[in-house]
Amino acid sequence: MKKESYVVGLMSGTSLDGIDSALINIVEMDGKIEVKLIDFINEPLEEELKEKIKRALSKESSNVELICSLNFELGYAFSNAVKNLCKKANFDIDKLDIIGSHGQTIFHIPKAYGEHIKSTLQIGEPAIIAYETETTVISNFRTMDMAAGGQGAPLVPYTEYLLYRGDKNRILQNIGGIGNATVLPRYCKLEDVYAFDTGPGNMIIDEVTKNLKGISYDKDGYFASIGSVKQDLLNELMSIEYISMKPPKTTGRELFGKQLVDCILNKYGDLKAEDIIATMTMFTAKSIAYNYKKFIFPKLKIDEVILGGGGSYNKTLIKMLKEELKDVKVLIQEDLGLSSDAKEAVAFALLAYETVNRRAGNVLGATGASKRVILGNITLPPI
């Protein structure tokens with residue numbers, strides 16, 4: 001029996017570069033799923049809203065009043081992203097079946113420490129999105145995995161398993177704010193898949209570029225391309241405990257955000273801006289390659305690495321990564337006729353579809369959960 005659905009996926013990542021919104025068509029027949037990307041937009045966050053998110057993310061400036069208000073404000077921002085996407089695609093929003101909203105991560109505690117238990121918080125009120133769009137919304141994807149003993153991340157590996165498994169040993173490497181890798185052995189079953197966060201992605205590159213150059217990111221890796229990597233700084237960054245930590249592991253802005261950049265700039269502020277940006281770019285490339293060589297290559301001969309996320313457009317980063325992985329074919333999503341920008345939004349659309357169909361969406365080898373579980377909370381639209 002053929003089943004067809006139209007789903008929007010929403011993602012606001014750790015890099016804070018905007019709200020990604022992807023409209024997909026899902027056709028399911030005889031247990032096989034085909035996914036077609038209809039359209040995609042990235043809605044830049046208004047500067048005032050972005051500053052509120054940054055304040056909410058900071059231990060020094062965050063407060064409950066701010067987070068309470070921001071939860072609803074982001075709900076309206078996500079709703080507008082859906083409306084704008086449907087308008088751009090010339091798609092009648094009344095025909096939309098489901099919205100999957102990852103939300104904006106405010107804090108993530110993958111492992112307990114001190115008096116704090118493992119937990120996670122994403123905001124962007126789903127009731128607002130459901131009301132404004134008159135569509136069922138799936139949100140809060142990470143919490144059920146954590147209830148089952150997992151780290152709540154990464155969640156994209158399940159959708160990568162559905163879409164990318166085949167006759168090659170592949171690594172799907174996302175380079176968003178954080179870098180994360182999914183390993184798909186040739187003709188794998190779900191239990192063969194494993195994934196983890198490799199460390200920093202674009203986040204620290206963007207932060208130093210903003211601090212030193214006054215712009216939001218290093219377009220095409222230009223500044224990094226004219227700078228020199230400073231080995232002392234690189235060695236200090238690579239010595240961060242997380243880099244060599246054994247998977248499963250997940251991280252975020254708490255470790256590779258503004259606090260780390262402020263510390264580095266205080267200590268190495270006399271270096272040329274281009275040299276600092278080049279070194280931070282190499283840190284992302286080196287941390288990815290290090291994790292491959294230590295935790296993946298000893299187990300599996302990889303045929304190709306497929307890059308996605310905003311980092312795949314940083315030409316200097318990709319050049320550095322290819323030099324670190326000389327014996328492996330390195331591709332980007334566009335080489336396969338797909339979209340690096342839309343990848344995570346598509347993933348949460350597909351995860352929402354699985355949730356509505358009462359199918360588990362986590363991968364035990366990625367999150368470390370004790371069992372597979374159905375992800376997300378369902379918010380129904382008004383009658």
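In which sense do strand β7 (residues 170–175) and strand β8 (residues 178–184) pair, and over how many bridges?

Reply: The model is a predicted one. In it, β7 and β8 pair in the antiparallel sense, over 6 bridges. Strand β7 covers residues 170–175 and strand β8 covers residues 178–184.

Strands of a sheet pair through backbone hydrogen bonds, in either the parallel or the antiparallel sense.

Strand β1 (residues 2–12) pairs with β2 in the antiparallel sense over 11 bridges, and M11 stands opposite D20 in β2. The hairpin of β1 and β2 has 6 residues between the strands, and L16 in this hairpin takes a positive phi near 55 degrees. On to the next strand, β2 and β3 run antiparallel and are joined by 11 bridges. Here L23 stands opposite D39 in β3. The hairpin of β2 and β3 has 2 residues between the strands, and D30 in the turn has a positive phi of about 55 degrees.

Strand β2 (residues 19–29) is largely enclosed by the rest of the structure, because 10 of its 11 residues are buried. The cut-off behind that count is a relative accessible area under 20%. For K36, which lies in strand β3 (residues 32–43), the value is 55%, so K36 is exposed. Leaving aside neighbours within four places in sequence, K36 is in contact with L23, I24 and N25. The C-alpha atoms of K36 and I26 are separated by 6.6 Å, although these residues are 10 apart along the chain. In a regular strand, side chains alternate between the two faces of the sheet.

Some backbone details in loops complete the picture. Two residues there have positive phi without being glycine. E134, with phi of about 55 degrees, lies in the loop between α3 (126–133) and β6 (136–139). The relative accessibility of E134 is 57%, so E134 counts as exposed. R358 has a phi of about 60 degrees and sits in the loop between α14 (343–356) and α15 (364–367). R358 likewise counts as exposed, because its relative accessibility is 69%.

Cis peptide bonds occur in loops too. The bond from A153 to P154 is cis, with omega near -10 degrees, and P154 is found in the loop between α4 (143–147) and α5 (156–164). The bond from P247 to P248 is cis as well, with omega near 5 degrees. P248 lies in the loop between α9 (241–244) and α10 (253–256).

Terms used. Residues are numbered from 1 along each chain as its sequence is written. This is a predicted model: local features need pLDDT of at least 70, side-chain atom pairs count only at pLDDT 80 or more; totals for chains, interfaces and linings use all residues. Side-chain values use heavy atoms; hydrogens and water are left out. Helices (H or I, at least four residues) and strands (E, at least two) are DSSP runs, numbered from the N terminus. Buried means under 20% relative accessible area, exposed over 50%, partly exposed in between (1.4 Å probe, protein chains only). Contact means heavy atoms within 4.5 Å. Two strands pair if DSSP finds at least two bridges between them.
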